[in-house]
Amino acid sequence: MTFVLRMVGREARASWRRLLFFFLCVAVGVGAIVALRSVIQSVRGALVAEARTLTAADVVVSTNRPWDPQARARIDQRLREAGAVGVAETIETATMARPADERKAVARTVELQGVEAGYPYYGRVELEGGVPYTHDLLKGQGALVRPELLAQLDLRVGDGIVLGDLVFTIRGVVLSEPGRRLGFFSFGPRVLVDFADMARTGLLQFGSRARYALLVKVPDARIDPLVQALRDDFRQQFINAHSYRGAEDRMNDDLARAENYLSLVGFIIVILGGIGVWSVTRVFVRQKLRAIAVMKCLGASTAQVLAVYLAQVVALAALGSLLGLGVAVLALAALPAGLLSGFGAVTPGLTWSASLQGVAVGVLVSLLFSLVPLLEIRHARPLLLLRDEAARQSSVTQPDGRWWRRIDWVQVAAALLVSVALVGVASWQAASWRAGALVCAAFVAVALVLHLVGALLVRVVAPLRMTGWFPLRHAVISVSRPGNQTRTILLAVGLGAFFIIGVRSLQANLLHAFRIDLRRDGPDLFLVDIQPDQEAGVRQFLARAHPSFPAKLLPVLRARVTGVRGRTLNLDGFDEVRGQGSLAREYVVTYRDHLEANERLVAGAFWDSPSPTPEVSIEKGISQRFGIGVGDTMRFDVLGRAVEARVASVRQVEWADARSGGFMFVFRPGVFDAAPKTFIAAARGPDSPADRARLQRDLVAAFPNVSAIDVREVARTVEGVAGNVTLAVSIVGLIALFAGVLILMGSVAMTKFQRLHESAVFKTLGASTRTLTAMLAIEYGALGSLAGTVGAVTSLGLSWGLCRYVLDVPWSPTPGVAAAGLVMTALLVGVIGVAASVDVLRRRPLAILRAE
Amino acid sequence: MIELHGVSKTVSSGGRPLTILHPIDLRIPDGQSLAIVGPSGSGKSTLLGLMAGLDAPTSGRIVIDGIEITSLGEDALARLRGAKIGFVFQFFHLIASLTAYENVLVPMELAGVRHPGPRAKTLLDEVGLADRGHHYPSQLSGGEQQRVALARALANDPRLLLADEPTGNLDSQNGQHVIELLFDVNRRRATTLVLVTHDRDLAAMADAQVRLRDGHVVERREAVATAPAPV
């Protein structure tokens, strides 16, 4: 043991420069994983700390439809049983607000919330001027509004504001309220009114979009049983119950997605670091074979030698991981201040759990990736010291050796063990077996492809050995020589390119999902909640407002999927649909007899006439994500009515072109013609802000229940949110890119050690620096191109798999990213290969030959 | 005592078996010095490597001090080498990352010797390198490296010293110095010395000589027991 420790010290003293890169790989990987994880945990921590104030209650029971009396009675009974201390009812809806003063020609979409006396059970409504919040402020048509609404509508406290059919008096200015976080998407500023007044505004008509909620205060011990009982009761209905503990429920989707993404990227960076570790260890062991043989010759056992190098790896990995913590601290300090403002008061710092995990992952991944190359030590036979060739022959091949005897089964077993362990670490890091297995399967698949491509390359270029051009001939010989770096570079660079381009492609897809396109010629004003009897009136109103842009009114119904009977997917009841994630949400559906300009048929046939038999056309993303195809049957709940429709076609919707809106489900006319429904209108408003404000005011005055969604306003808000997301995704992508490129540079640079001797001999024999440079450029360039091609092509598969199976966002190919990745990889490897060998080219050959 | 019974070595070359050493019998008594001579490719180094357990024979048995080494595993062989055999190579093979002093320490540390420092210093002193202990191999001349290698080979006071062309890479003056050291050890400590060499003068200094050609023993001289050893 003392021998092992002493040797570790001596070896480290001598080889630290060569292993510096090993150290850096680990540090970068660990730094990335710790920083990303700390951010997530800080955000989580902040959200959990204020979870109760986010929900403003212990338990929230909510629905998007007016309470069904029967269901309501059942809920009340459950609340009584649970000993509920307080229940406050609230309703939220987006609507238009305008000043009571007719001279002010403005109107704004607001998020109106009617609350009962108990609200809020937790947290505080903070009012301007330190005025304490009481429900009395709302009673008798009082309203509390956000400061920005006062500015937008040119109002003051004490003025009148029209909401639906009622005029409210502004009694205070809300600075903050429970459950409302900055930076999250909303249709407009909050307006708080009394629940009792809300019902009289006339805004809650049939089909209006509103959220009805019961805020419940209940003894702590009863929370979970109550939530469970309610969930059991309403399993098949569209009523949700969640506790403040499950406050994450609402933001869980966003956060889980962010966390999955960040953890995955973090893990991918660690894998890239691992590839670097593998590459360094492999070269290092090769360089050390002679020293190892000497040690064995002097009486060291294989286990002792293996222990010396394993201990070095562990020590370096541990030190690298500690440095990684430093990197993470710097990264967190460099985080743009505004990035996390949406999550409240979050000050990201290193968390213990993230740090421990980071160090553990760093050491584990280093061990795993260095294990297989370290096992080469077993083959270092002392005979090597007498003659190189004899040692190789007698250790690798037997005179009667069959191929299976030539396979090093220990190494194969180790490789398998490492793979299994990696799946474990990946799953742990991504908190999902699926993501972990996916990343690792992709890793193995790409490694295999690269291995095959490497073998193929050697065969394909073999005829070029006959070429007359010295650099090319020797580049080819070098590529096909046994024991060279072809496979190492292909594997390290190919896998690196695969992951880096994959992350970039993933980033492009995520950003695409957040992109908004405003076309100059498209509609920029959507009117919603138009009642059937208002259809003609609204049409006329819009025609007067903008004669050259005929408004389009579409009938819409709100529907939920309650079952699927298909070839690949079978879901019986809403409860099972819930298990499919976003399929369970409420969809706005329409019916028509034609495809819109932004739609294209992908499968099946689109009808051109009404039919009493229900048929539906589904969007391509839905079809792909959930495996629903033409001929399958879907069951919907359309405002309480069960409809079973055959899937007749699959459409691709160009979402970026929102001229005609986009619908996931379009029904065949004939079934819903007589059903209760509302209309939405896509119109184009005037360009000047004053005219737009006037138009919206006139519209609300004529149709108080109709809400106008000003796409220009929304786009600004969404851009704000999307801007943060874009920044976050880009920063993470940049970290991955930086780490990946650094690691690749090192992996390639490491291979130069194998060339030292050869270059020296060539120089001795009269090769000029130019010839050697050309040789290197050809060899590294070819390897880089090949690795880049494999990486780029396979990375599309990675981003597709992650988008579809892990992040649940639509995927589209990113040929630009792939092409850029390919070119960059080839250039990078070529340039680094040559640049890293500059000292090899410059040094006098004798020094190298003597050292050998 | 080293005994070789019908020891041969065949390797695969280009997919065909190639016999480098045909069955050979040899007995080297304790304290004797033996020179193995012959042209390049005659199997000298292979024979030496087999005696040191650096490689396994295709057939036959090798017995060192009553231990049949042909039946030992890699690690047992390593232990045996550490305890009983010192090896000097033509290309010195010092560990580049260790100083001269540390190179001499390694075999003793591996053998679990307590406080090996003083002995390492003594050995370096004996080979005339007392003041070069802190130098790395790359900072030493060829002759100095070979003397460090010799000090290292003697570290555990081996019963058997094997040297593969120990002067092959040295000038005559350095070569002479190393030869004197080797035979001095052989005489003073009664260490059995087996050396492979091209150098006739060097071979002539040995108690006995074996000449190889194409893997066959073609000549044996003096005091070498050529008959198979009694088992």
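In this model, 28 residues of chain A are in contact with 30 residues of chain B, two residues being in contact if their C-beta atoms, placed from the backbone, lie within 7 Å. The elements that give two or more residues to the side of chain A touching chain B are helix H1 (2-49), helix H7 (248-297) and helix H10 (388-396) of chain A, where helices (H or I, at least four residues) and strands (E, at least two) are DSSP runs numbered from the N terminus.

The model is predicted, and local features need pLDDT of at least 70, side-chain atom pairs count only at pLDDT 80 or more, and totals for chains, interfaces and linings use all residues. Residues are numbered from 1 along each chain as its sequence is written, while chains are lettered from A and ligands numbered from 1 in the order in which they are written.

Consider next helix H16 (residues 535-545) of chain A, whose buried residues are A:Val538, A:Phe541 and A:Leu542. Seen down the axis of H16(A), these buried residues fall within an arc of 95°, so they line one face of the helix; the arc is that of the directions from the helix axis to the C-beta atoms. The face turned away from the buried side of H16(A) carries the exposed residues A:Ala536, A:Gln540 and A:Arg544. Here a residue is buried if 20 or more other C-beta atoms lie within 10 Å of its own, exposed if 12 or fewer, and partly exposed in between. Among the elements covering the buried residues of H16(A) are strand E11 (525-530) and helix H19 (689-702) of chain A.
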